[in-house]
Amino acid sequence: MAGDPGSSRERFLQLFVGSVFLLVVLEHAVGPWIWIASRGTSASAWGTAAAPGPAREPTESFGRELLGGRGRALSAVAVLFGAPLLWMLEGSRESLLDVLVCYTMCWLPSAILLIWAWGRLGKRNGVHPGLMANFFLSGAILGCAYAAFFEILEEMAWQMISPSCTAGNFDVGYTIAGQPFPRPMTVTCGISVAGMWILTPGLIEETGKAIWLFLRLRKSLGDLPETCFGCLPANTSRVFCGWFKLAPTPYHVLLCSLAGGAGFECLENMKYVFSPSDRMPQESPVEVVFARALSSNLHMMWTGLIGLGLARRMFPSGGPGSSLLCVVMPSVVLHGLFDFGITLIQNVASRADRRKGMMDRGEAGELVHTHMDSGEASELLFLATALIVLASAGGWLALGMLTRRSRSCCFAPDFFDSASAARGCPAADAAARRPLLLAA
């Protein structure tokens, strides 16, 4: 009993440090959204709904810069994804063919969907590919850097706060043959783990991808703040920091959001495929890349739902519109539930594998056998499958329904004008309220 006070103090200290880590991470994940919701046009695109009048016509060169049309972002995308290929070819143990196949599959599904969406929405609405490339880079570089840093801190926090019920291991409590073995999963732990996945990859990654849409996009020249980063002029063609971009139509906003999600998922695919520490020991890069290809476009869908909500805020078609919470949280929850479902399937498979090879028939082993034989595995697999279908197919169905019109598929070229007319705002009035397209 003499060791109990010390053990209690150690546990209290661990819980305190974990709580501090969690509060710091949540502050940086939720804080930007609170700031955006409470500030006006100078803070973000969320405050541009009531901006008066159309955009002023800028000079031709400044207009191209604001619309991302000088091609520099496209060149940067080529460099960003060309350099890793050279490094992989030089340092990978895989064959040349495997490296090329894996590398291509990391970005091909996203590229196909992005080009198709631009052909449907962007070409006729004046969306320059350079603008999309700009936000592709934001999602890939800024989004991945933000997510990587804060996810590490948050995972450490969860491990300290709840060491026996973490996002990767549910109800770890038994030790059989020297190996940790999960208890039969409890409802309390299941709900806790689902919350961890929603608050970790869900909140952190969706914030990392979408926050740049709100901070960088503006509806018109009149919405541009006086300075960029607090010191550089933001509304002159002579000295321009390149941070702000104009979105003269809601289609610009939606396509930029899809591009941001595509950039994030392409870089994430490369991380999981080519980093041995992120793969199971028995998995090859080819197996991983084709498995991820099945869900590769989900990041685009989740960010696209947020972008569509922002577009409706910037270009209102009657009514107060949705709150910022209702715009952001659906994607956060869907993302977290999808990852939770995948982890749940892996957890059930791990239990089954360990049960088959279990030699210890003691009390702990008998209990695990009893629960795994009583139908728990089937119930958990059914729950996991339902969550995955809801978060993937359900999300795509929602985005498709919100971007279609009668007798047309999803991403209809004029779905926003049709939606305006359906709400009692004629298409002509909607077009009249739209800021002028800038000179190409």
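A residue is called buried when its relative accessible area is under 20%, exposed when that area is over 50%, and partly exposed in between, with a 1.4 Å probe and protein chains only. By that rule arginine 292, at 21% relative accessibility, counts as partly exposed. This is a predicted model, in which local features need pLDDT of at least 70 and side-chain atom pairs count only at pLDDT 80 or more, while totals for chains, interfaces and linings use all residues. Residues are numbered from 1 along each chain as its sequence is written, and side-chain values use heavy atoms, with hydrogens and water left out.

**Salt bridges**

- The structure holds three salt bridges, a salt bridge being a side-chain nitrogen of Lys or Arg within 4 Å of a carboxyl oxygen of Asp or Glu.
- Glutamate 268 pairs with arginine 292, and their closest N and O atoms are 3.0 Å apart; this pair links distant parts of the chain, since glutamate 268 lies in helix α7 and arginine 292, 24 residues apart from it, in helix α8 (residues 285–293).
- Helices here are DSSP runs (H or I, at least four residues), numbered from the N terminus.
- Glutamate 268 is buried, because its relative accessibility is 10%.
- Lysine 209 and glutamate 206 form another salt bridge, at 2.8 Å from N to O, and because they are three residues apart in helix α6, about one helical turn separates them.
- Both partners are buried, lysine 209 with a relative accessible area of 2% and glutamate 206 with 0%.
- Aspartate 414 and arginine 405 also form a salt bridge, with their closest N and O atoms 2.4 Å apart; aspartate 414 is partly exposed at 27%, and arginine 405 is partly exposed at 31%.

**The cavity**

- A cavity is a set of points, on a 1 Å grid over the protein atoms alone, where a 1.4 Å probe fits but cannot get out, and its lining residues have an atom within 4 Å of a point.
- The count comes to one cavity of 30 Å³ or more, and about 30 Å³ of space lies in the largest cavity, where a volume is the space filled by probe spheres set on the points, and grid points are joined across faces, edges and corners.
- Among the residues that line the largest cavity are Phe135, Trp212, Cys256 and Thr303, together with Lys209.
- The elements that give two or more residues to this lining are α5 (129–161), α6 (187–216) and α7 (250–274).

**Lysine 271**

- Lysine 271 is found in helix α7 and is partly exposed, at 41% relative accessibility.
- Lysine 271 and cysteine 106 are 165 residues apart in sequence, and their C-alpha atoms are 9.5 Å apart in space.

Technical notes: On a 1 Å grid over the protein atoms alone, a cavity is a set of points where a 1.4 Å probe fits but cannot get out, and a pocket is an open set with protein on both sides within 12 Å along at least five of seven lines; lining residues have an atom within 4 Å of a point.
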